[in-house]
Amino acid sequence: MSPDLAIETLGGERMRLNMGPHHPATHGVLRLVVDTDGEVVANCAPDHGYLHRAIEKIGECVEWPMFVPYTDRVDYVCAMNANLAYCVAVEKLLNSDPATKVIVPMRAECIRVIVAELNRISSHLVAVGAMAMDLGGYTPFLHAIAQREGVNDIFEKLCGQRLTYNYITIGGVGFDLHANAAAETEAFLAQFEKEMIRFNQLITTNTIFQNRCAGVAVISAADAVAYGLVGPNLRGSGVDWDIRRDEPYGIYGQLGVRVPLGQAFAGRAGRVGDCYDRFVVRLLEINESVRLVRAAIKLLPPAAGKANDPVGGFQADVAKQLRKPPKGEIRVRTEAPRGEMGYVIVSDGSKVPYRVRVRTGSFTACSIFNTVMKGIFLADVVTVIGSFDIVVPEIDR
Amino acid sequence: MSALAFADIVERLRAVFPAATLPAIETKTSDNGQPWLLVPANDIVRVATVLRDDPVLGFAALCDLTGWDLLKYAANPPSTDIAIVYYLHSLIHRHHLTLKVLAPRDTGTVPSVSSVWPVANYFEREVFDLLGVHFAGHPNLKRIMMPDDWIGSPLRKDYIYPASYNGIAHLRDGQKFEDAPTRGDAAAPAQAAKP
Amino acid sequence: MTDITKPANGADEHVFTTSIDEFLAWGKENSLFYLLFATACCGIELMQTGGPRYDIDRLGMIPRATPRQSDLMIVAGTITHKMASRVRTLWEQMTEPRWVVSMGSCANSGGPFSKWSYSVLNGVDKYVPVDIYIPGCPPRPEALIDGVMALRERVKKYRTLGVRDRDPHIVQGSDCAFGAHPGKPPLPETTEPSA
């Protein structure tokens, strides 16, 4: 629980500490300059850029399909969703001119949902596992990353990579599903559901964990919108917004995504928009993703002989369109596990983009850090960072 | 709870301002048919406040504030400005709006909208860092991505990559690339970021 | 080298003779505590390698949060210019003997960012001496374990007693002396961001 202290009451023992850029609990190379008297935080200023790899500038140097591996590196924990965000944006740009229209085959759309939702499960496992680990619960984290290996196995058979897939391409996906992909996925999901029950018994219902997270860093809905929070952070504050349901892309409109909201899950001490709410919203989203994977497998049309068949193929022919795309600009956003991933693509008609801009959820989550951390205990800083689920490459790109 | 089309949003915006103080906004369309609103730099805070507070418009969410250098974009007439783009969204009404402010390249100063949408604090710092546009009234306009002693605005189209930083050369011994970006001495930049 | 698993005289199989140096090297080799240092994607694979399936804990490798308690720094991920001086600081804080494994293409040579990025260091060995390079983007956990096994061969050769008198310039146990480094890079002033 956060104390209700005015900053002025902090004594003369105020010190300025560096949390990071190397710190086990900052989820990467994030530096926080914390002013504290040892118990209560007076000021917390983030310092970014330690992983700024110039991905947006690279977008102006490489050809359209060559940028897809770099989108993996924008958010490597949910690389499929990051690939998807860029490819959906480029396809929408191509569709703004009937001469360069792209029709993504239905089978490819279903495969996209399957891999994106499996990756969402994998990403949220890292989020909840790392948050538990930062608060001292090392075992749930190990269970979480053991489950991730199941997802990694499926992806490895699919595209050869465990982490940065370069799988979803402009116009479809890179390879068709392997022989018994659907059966393997279903087997994974079956044992995963049992494991999640055990995971929840381990950590979610743990009194100590709930007490550490309940009522900490409460963010109101208005603040969440004003500070640009997106994804589970926004929904944890009770704002009912999910791009998969409200601005659907691909076949998400047909699947009917159900959206969990924060409801002060921690009981009497909990508030809507506290750390526990954000944690539980992610767990509920994992359940929803399991359902979406199964629904997408049901909708999967059988494979056709040709790769560019509009129903049974897995990749439309886009090479000609990408050599001369329409001139102009577009902004398209998709729902990545960390929230809205908005791509602004500016094209000057050549085979190299003019500008690629990625707006990520973690970047704006950091904009509320200083506001939300004023007056909380030093130990709660770790709770807050864990509940926001930031990955530093999304912040720094 | 009704989503407005672009033309209706502009009409409502013009109606809300008293006639004497109407800002000189212009509707434009991009080369692929996307509509946007050009706002003069001096009026952006007024327009932003109205867009956020008016109940029919209700743009409470600033989705993105970014920019790009128009130097190499083939347009008629060609421009050397930096385009600052604001993407707005209303969660209640579910409509969107795109605003643009054109900042002159060398002396560009745009008023900050961080008093209207707090998230603009971070977005504007990034535009300042990478494109070199100064935002007047920003509470903490410092570089956010690059080190504080970095010279230049990397996302500009005429940016010259540094050949070394802190005495360490960028390329390894024998590392050669075809068509690599030209690298120059960081001490003599093409342009410097404003303090 | 004496095989410490075979008894000396064959009579009592519970007696081993070896030299102190080899015994200490055996201890170091089988308990390499690594610094939990991960910047980017390779960090996730490092994490998975420490997880239940690949489990480098069975090799005696436990992650430590502080460089003072680590023997090994696995540089997993892209190192940018802003981060590079901190990597050097961490390496200097590690107590000797210390080893560095460069994991992944970015730490080896800049990786996919080596050509077009203005802010990525083309290889962490510009700032710290590296013993083992593991290629991959990211390397599989098996590849990381393979690299660690190669490092253990090096660690086995490390001699604790009298090392400074015999070979004053070799303090790492590696085959080559660390002499080709361009020199200690300057550390920038500590940047203190305000609110």
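Helices (H or I, at least four residues) and strands (E, at least two) are DSSP runs, numbered from the N terminus. This is a predicted model, in which local features need pLDDT of at least 70 and side-chain atom pairs count only at pLDDT 80 or more, while totals for chains, interfaces and linings use all residues. Residues are numbered from 1 along each chain as its sequence is written, and chains are lettered from A and ligands numbered from 1 in the order in which they are written.

**Exercise 1.** Describe the setting of A:Glu60, and explain why A:Glu60 counts as buried.

Step 1. A residue is buried if 20 or more other C-beta atoms, placed from the backbone, lie within 10 Å of its own, exposed if 12 or fewer, and partly exposed in between. A:Glu60 counts as buried because it has 20 C-beta neighbours inside 10 Å.

Step 2. Two residues are in contact if their C-beta atoms, placed from the backbone, lie within 7 Å. Leaving aside residues up to four places away in sequence, A:Glu60 touches A:Val352, A:Pro353, A:Tyr354, A:Arg355 and A:Val356. For A:Pro353, which is 293 residues apart from A:Glu60 along the chain, the C-alpha separation is 5.4 Å.

**Exercise 2.** Work out how helix H16 (residues 378–388) of chain A is covered, and what follows the helix.

Step 1. Nine of the 11 residues of H16(A) are buried, and the helix is thus mostly covered. Among them are A:Val381, A:Val384, A:Ile385 and A:Phe388.

Step 2. After H16(A) comes A:Asp389, with a positive phi near 50°.

**Exercise 3.** Characterise chain A as a whole, and compare its radius of gyration with that of a compact globule.

Step 1. Chain A holds 17 helices and eight strands, and its C-alpha atoms fill a box of roughly 70 × 45 × 35 Å along the principal axes.

Step 2. The radius of gyration is taken over C-alpha atoms, and the globule rule is 2.2 Å times the number of residues to the power 0.38. For 397 residues a compact globule would come out near 21 Å, and the 21 Å of chain A agrees with this.

Step 3. Of the 397 residues in chain A, 61% are buried. Among contacts in chain A with a separation of 6 or more, 70% join residues 24 or more positions apart.

**Exercise 4.** Describe the sides of chains B and C that touch chain A.

Step 1. For chain B, 27 residues are in contact with 33 residues of chain A. Strand E3 (61–69) and helix H3 (120–131) of chain B each supply at least two residues of this side, and E3(B) gives the most, with six residues.

Step 2. Sort this side by class, where Ala, Val, Leu, Ile, Met, Phe, Trp, Tyr, Cys and Pro count as nonpolar, Asp, Glu, Lys and Arg as charged, and the others, Gly among them, as polar. The side of chain B has 19 nonpolar, six polar and two charged residues.

Step 3. The contact between chains C and A takes 34 residues from chain C and 33 residues from chain A. The largest share of the side of chain C, five residues, comes from H2(C), and by class this side has 19 nonpolar, nine polar and six charged residues.
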